[in-house]
Amino acid sequence: MVKMGVKFRDIVSPESIKFEQLENKIVALDAANIIYQFLSSIRQVDGTPLMDQNGNITSHFSGILYRTSSLIEKGIKPIYIFDGTSDILKKDTQDKRREVKEESQKKMEEALEEGRIEDARKYAVRTSRMSPKIIDGSKKLLELMGVPYIQADGEGEAQASYMVEKGDAWCVGSQDYDCILFGAPRMVRNLTVTGGKANLEMIDLKKVLEKLEISREQLVDVAILVGTDFNRGVKGIGAKTGLKLIKEHGNILNVIKKLDIQLEVEPEILRNIFLKHDVVSDYQLKWKSPNIEGVVAFLCGEHDFSEPRVLSALDKFKKIDNKQKSLTDWFG
DNA sequence: CGAGGTGA
DNA sequence: TCACCTCGG
C-alpha cells in the first residue's frame with residue numbers, strides 16, 4: 001500500500017458506529033480516496049483489473065456503482081468530492097508514489113511471467129494510477145446516476161471538510177486522517193458495505209482534541225512533525241512522540257528550537273495548507289433520479305457490464321423513493 | 001470491493 | 001442464516 005495521509009492511527013481513538021446512525025445523513029466522499037481503493041482492490045486473482053473489450057479499466061465503475069447504490073439503499077446521501085490542483089509541496093509525495101508504482105509494475109510483470117500469481121496480485125495493487133480518463137469516467141457515471149459531485153479547487157479533503165464544517169454534509173468519508181487536519185468536525189472510515197459486518201469508525205474532531213488536550217492548530221503541528229503528504233516529517237517521531245513534544249513545548253516552533261532539528265519546509269507554510277485552504281462555496285447539492293437508460297448505455301453499451309446486474313444495482317435507488325415521505329426529501 | 005451462489 | 005467462495009469486465 002502506497003503511503004497516504006498522516007499517520008495518526010495511534011492517537012485518534014475512533015468510535016465504532018452503525019450504518020443506521022448515518023441514515024438520512026449527507027456523506028462527503030473523498031473521490032480520489034475511494035476510487036483509488038476500487039482500482040487497487042477490484043481485480044482478478046492475478047491482479048489484472050477489470051477491463052472492457054477495448055482494454056479500458058472498469059474496476060472503478062464497478063466500485064462506484066455498487067458502493068453508491070448500497071449507501072443509498074441504507075438511506076445515506078453520498079456526494080463525491082474531486083481533487084483540484086495539488087499544492088506544489090505534494091510533488092515529492094507524488095513523485096515517490098510514482099516510483100513505487102513503476103517498481104511494482106516491473107515486479108508484477110516478473111511475477112506474472114514466472115507464474116507467481118499471488119505475488120503478481122500483491123504488486124499489481126500498488127500500480128493503480130489515477131488518470132484523467134479514470135476521473136472523467138467516474139464523473140460521467142455519477143452524473144448518470146444522479147449523484148452530485150463537486151470539483152474542488154485544491155485538495156478534495158479540504159473541500160469536503162469545509163462542507164461538513166458548514167453543515168452541508170454530516171461527515172467526510174475517507175480512509176485518510178487528513179480531513180481532521182483540514183478541520184472536518186466528523187469523519188468516517190471503513191464506509192464499506194460487505195455483508196452485515198460493518199466496521200465503521202467515526203472520528204469526532206472536537207472529542208479528539210478534548211481527549212488529547214490540544215488545539216487543532218497543535219494537532220496540525222503534530223502532523224507536521226510526524227509527516228504529511230506535503231512534508232517528510234522528522235525521523236523517529238511518530239504520532240505519540242509528536243503529540244508529547246507539542247504538548248510539552250506548546251508548538252512546533254518551540255520543538256524545533258529545543259530539539260535543534262530542521263524541517264525542509266517552513267512550518268507556517270504547512271500550517272496554512274491545513275488551516276487556510278481555498279474552498280469552493282457556490283456549489284449546490286442536488287440528487288436526481290438515476291438516468292437508467294443512460295447508465296445502461298454507458299456501462300453495458302460502452303464498457304461491457306452485464307445489464308441485469310446494473311439494473312439490479314439501480315433498483316436500490318427506488319427503494320429510497322418509496323421509503324421517503326416525499327421525493328423532495330431526497331431529490332428536492 | 002461487492003454481488004450472488006453454495007452448502008451446512 | 002451465515003461463513004465462505006468465485007467472479008465481475
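The surface near DNA strand C divides into 4 nonpolar, 6 polar and 3 charged residues. For these classes, Ala, Val, Leu, Ile, Met, Phe, Trp, Tyr, Cys and Pro count as nonpolar, Asp, Glu, Lys and Arg as charged, and the others, Gly among them, as polar. In total 13 residues surround DNA strand C, and the closest are Leu 50, Thr 58, Asp 304, Phe 305 and Ser 306. "Near" here requires a C-beta atom, placed from the backbone, within 6 Å of the molecule or strand.

A word on what you are looking at: this is a predicted model, in which local features need pLDDT of at least 70, side-chain atom pairs count only at pLDDT 80 or more, and totals for chains, interfaces and linings use all residues. Residues are numbered from 1 along each chain as its sequence is written, while chains are lettered from A and ligands numbered from 1 in the order in which they are written.

Now the other strand. Around DNA strand B there are 13 residues, of which Tyr 66, Arg 67, Ser 70, Thr 192 and Ser 312 come nearest. Two or more residues each are given to this surface by α2 (31–41), α3 (59–73) and α15 (307–323). Helices (H or I, at least four residues) and strands (E, at least two) are DSSP runs, numbered from the N terminus. Which element gives the largest share of the surface near DNA strand B? That is α3, with 4 residues. By class, the surface near DNA strand B has 4 nonpolar, 7 polar and 2 charged residues.

Let us stay with α3. Its 15 residues should span 21 Å at 1.5 Å a residue, and the end C-alpha atoms are 21 Å apart, which agrees. The expected span is 1.5 Å times one less than the number of residues in the helix. Is α3 largely enclosed or largely open? It is largely enclosed by the rest of the structure, because 11 of its 15 residues are buried. Buried means 20 or more other C-beta atoms within 10 Å of the residue's own, exposed means 12 or fewer, and partly exposed is in between, with C-beta atoms placed from the backbone. The buried residues of α3 include Phe 61, Ile 64, Leu 65 and Arg 67. Arg 67 is also one of the residues that come nearest to DNA strand B. Just after α3, Gly 75 takes a positive phi of about 85°.

Helix α7 (residues 156–166) can be read the same way. Of its 11 residues, 9 are buried, so α7 is largely enclosed by the rest of the structure. Among them are Glu 157, Gln 159, Tyr 162 and Val 164. Gly 167 follows α7, and its phi is positive, near 90°.

The largest nonpolar core has 79 residues, and Val 27, Ala 28, Ile 81, Val 164, Ile 180 and Ala 184 touch the most other members. A nonpolar core is a set of buried Ala, Val, Leu, Ile, Met, Phe, Trp, Tyr and Cys residues joined through C-beta atoms within 7 Å. Helix α10 (residues 216–226) supplies the largest share of this core, 7 residues. At least three residues come from each of domain 1 (1–212) and domain 2 (213–277), with bounds taken from an automatic or database domain assignment. Beyond its neighbours within four places in sequence, Ala 184 is in contact with residues including Ala 160, Val 164, Val 172 and Leu 205. Contact means C-beta atoms, placed from the backbone, within 7 Å.

As for the two domains, their C-alpha centres lie 26 Å apart. In domain 1, 18 residues are in contact with 20 residues of domain 2. On the domain 1 side, α1 (9–12) and α9 (205–212) give two or more residues each. That side has 9 nonpolar, 4 polar and 5 charged residues.

Last, a few single residues. Trp 287 sits in the loop between α13 (267–275) and α14 (292–302). Trp 287 counts as buried because it has 21 C-beta neighbours inside 10 Å. Its C-alpha atom is separated by 6.0 Å from that of Pro 148, 139 residues apart along the chain.

Ser 13 is not a glycine, although its phi is positive, about 35°. Ser 13 lies in the loop between α1 and β1 (15–17), and with 13 C-beta neighbours inside 10 Å it counts as partly exposed. Asn 190, also not a glycine, has a positive phi of about 55°. Asn 190 is found in the loop between β6 (186–189) and β7 (200–204).

Terms used:
Contact = placed C-beta atoms within 7 Å.
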